[in-house]
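Grab a pencil and let's work through a few exercises together. Have a look at the model first.

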Amino acid sequence: MRDEHENRAIDLKNIRITDDFWKTEQELVRTEVIPYQWEALNDRVPGAAPSFAMHNFRAAKALRARSHEPGFTAPVFGKVPFEVLPEDPAHPDPGKFYGFLFQDTDFYKWIEAVAYSLTDHPDPELQKTADEAITIVAGAQAEDGYLDTYYILNGRNAEFSNLRDNHELYCFGHLTEAAVAYAQATGNSELLGVAERCASYISSKIGAEEGKKHGYPGHEIAEMALVRLYEETGEEKYLNLSRYFIDERGKDPKYFGLEGRPQPEHEKPNPVFSYYQAHKPVREQDEAMGHAVRAMYLYSGMADIARLTDDDALKEACRKLFSSVSRDKMYVTGGVGSTHIGEAFTFPYDLPNDTAYTESCAAIGLVFFSRRMLEMEPKSIYADVMERALYNGVLSGIALDGKSFFYVNPLEVWPEASHRDARKLHVKNVRQKWFGCACCPPNIARLLGSVGAYAYTENEDTLFTHLYMSSEIKKRVDDREVSVKLSADRSSPVKWDVKILVENAPSDFTLALRIPGWCGGKYELSGVPESAVCKKDGYLYVKKDWADADELQISFSCPVRFIRSDTRVRENSGKIAVTHGPLVYCLEEKDNGPDLNLVMIERGTEASEVVFENAEIAGRTAEILLVPGLREQPVTDQGLYFDAEEKTDTCTPVTLRMIPYFFWANRGENEMQVWIRRA
Ligand code: FUB
Ligand code: ZN
């Protein structure tokens with residue numbers, strides 16, 4: 001159910017991405033990631049941590065099939081840990097639940113990625129595999145609509161007893177996102193039926209009415225998923241449940257304080273509500289706090305509800321939270337979450353590079369949040385952040401061959417420290433084949449598969465271009481089908497040239513073009529009279545009497561830039577980062593030798609002195625930056641501390657070879673660094 005006047009993500013059926021860069025990513029998802037992850041979900045990847053996701057659905061389906069047999073007794077919840085591992089890893093019990101309590105979501109994210117891939121590239125064999133898997137999931141769903149294999153297999157008497165930690169609503173959220181995507185892509189609505197039945201069961205147990213639990217998700221996502229379900233089905237009850245979760249969160253008395261959970265010592269006397277973004281009603285929140293992925297998903301749901309219900313207080317809270325994230329707590333890569341302790345935000349400007357957590361899912365969540373802010377109010381500040389996270393913090397989560405993944409995306413790595421320093425054990429130096437907690441890999445797949453929905457949004461008569469990627473778009477305006485063909489030429493190192501062919505557009509069609517922050521306000525628009533262009537909030541709105549086939553060009557300056565941080569980011573004092581367009585660059589030991597801490601860029605060096613070179617890295621062509629730099633001589637024979645004499649402080653000129661950040665760690669374990677000392 002789309003309201004024509006609203007600004008909404010473009011329907012993926014109406015976009016075909018032809019862009020070299022993004023098509024490569026999408027083809028990787030289609031040809032490598034999806035098949036690989038299906039093997040992982042079925043525990044068939046040698047040497048990778050088993051997922052048990054499909055194992056659990058099969059076990060729950062078998063349990064349901066047995067439930068009508070005489071003498072059947074349902075499992076009763078005892079002391080079950082959040083992660084269950086088989087006693088004998090070689091012989092898991094086919095009837096038992098294994099993995100983390102939210103393991104179901106690994107499958108849901110995968111099937112969502114499959115949906116996007118099928119939209120773009122029909123594949124009967126893949127669809128058959130997916131359809132069959134959905135039938136297993138549907139068979140696992142309890143007759144009353146409940147679906148969560150952890151509780152189904154361990155004992156439903158504990159269901160919804162611990163909304164703070166139990167992830168049932170998180171699993172439901174991912175189920176719903178997948179179900180809507182799959183129905184839209186294939187017309188098969190079996191999973192949508194599963195999600196709707198599950199939603200009805202949840203709203204029979206949780207809500208404002210007497211006798212229901214007045215709770216909300218401990219790990220958010222259901223909020224935005226319910227909005228999607230509402231938009232797909234037009235059923236207001238889903239919108240209302242989402243709004244209930246948003247409105248109820250953080251109210252006194254705090255629901256998470258009432259659930260009767262034993263309070264751990266470290267939370268006494270005050271339980272930690274901010275970790276779950278439940279410390280205050282959401283409209284009063286103005287600082288991004290707690291677990292970063294949860295925060296991003298909540299804020300995304302808030303932005304959805306604010307837009308749909310035109311709730312000014314909620315809109316204002318979203319703006320403040322977006323600003324808190326992007327102005328005080330975001331890495332230059334668009335990564336968020338500074339500490340592994342609780343996978344969380346810390347305090348403003350605390351952005352350590354080598355212990356950063358910056359979970360791939362958190363950067364993905366920031367992309368979700370930014371897109372929803374754009375839907376709420378198209379301002380280029382949101383698109384700038386979305387693009388930063390997408391090209392850097394998200395893409396770094398996946399290897400160039402699509403077969404291994406980062407969960408944590410640091411900005412500086414010294415492999416020995418990651419091996420030997422307990423504070424850095426979360427930092428892996430090479431991507432992993434899979435994870436026991438595998439939230440990130442399939443999340444990356446679903447985002448890359450749907451990247452077109454982040455590039456464009458549309459309302460009744462306007463097509464907003466937020467990201468520049470070659471693509472073909474169809475859009476209905478009045479009774480016409482407008483065709484927009486955009487071709488982005490990024491072959492020049494100093495500018496991005498974008499050609500746009502608009503066909504069959506009526507005069508009330510408007511094309512809104514984002515002016516990217518990285519062009520520094522330098523762009524040239526040609527092919528349209530000045531009177532047809534109006535600039536607002538970082539977008540050029542082009543509206544004119546369109547010819548049948550009308551071509552315009554916009555060229556954005558794309559200089560290499562040396563970037564500093566706000567001086568309150570102590571980690572980056574005296575350092576610079578190097579960017580080119582939306583890409584953040586880094587140094588790797590492979591190209592620059594060890595001890596990257598000794599490398600510097602001299603003050604006075606201009607970004608315009610940087611030279612470009614194309615290089616092959618792990619089978620992909622990367623644009624490398626050659627930056628004039630210095631390397632300090634190592635001093636290792638003067639004792640641990642010694643007088644700072646000039647003679648020990650010598651440097652030799654070197655050429656620094658910098659690669660795009662997301663290319664790092666594709667050539668084995670080695671040092672990496674984004675922020676570079678200034679000499
Ligand atoms: O709790 C579910 C997922 O697991 C979170 O989103 C990730 O941060 C990881 O903890
Ligand atoms: Zn994750």
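A residue counts as buried under 20% relative accessible area, as exposed over 50%, and as partly exposed in between (1.4 Å probe, protein chains only). This is a predicted model, where local features need pLDDT of at least 70 and side-chain atom pairs count only at pLDDT 80 or more, while totals for chains, interfaces and linings use all residues. Residues are numbered from 1 along each chain as its sequence is written, chains are lettered from A and ligands numbered from 1 in written order, and side-chain values use heavy atoms, leaving out hydrogens and water.

**Exercise 1.** Work out whether arginine 372 is buried or exposed, then list its contacts.

*Solution.* Start by finding arginine 372 in helix 12 (helices are DSSP runs, H or I, of at least four residues, numbered from the N terminus). Next, check its relative accessibility: it is 6%, so arginine 372 counts as buried. Finally, skip neighbours within four places in sequence; arginine 372 then touches Met224, Ser300, Ala303 and Asp304 (contact means heavy atoms within 4.5 Å).

**Exercise 2.** Find which residues coordinate the zinc ion (ligand 2) and name the arrangement of the donor atoms.

*Solution.* First, pick out the donors, meaning N, O and S atoms within 2.8 Å of the metal (3.2 Å for Na, K and Ca). They come from Glu359 (OE), Cys361 (SG), Cys439 (SG) and Cys440 (SG), at 2.1 to 2.3 Å. Now the angles: the 4 donor atoms subtend 93 to 116 degrees, so the arrangement is tetrahedral (four donors with all angles between 85 and 135 degrees). Last, cysteine 361 and cysteine 439 are both buried.

Methods
Four donors count as tetrahedral if all angles lie between 85 and 135 degrees; four count as square planar and six as octahedral if opposite donors are over 155 degrees apart and all others between 65 and 115; anything else is irregular. Helices (H or I, at least four residues) and strands (E, at least two) are DSSP runs, numbered from the N terminus.
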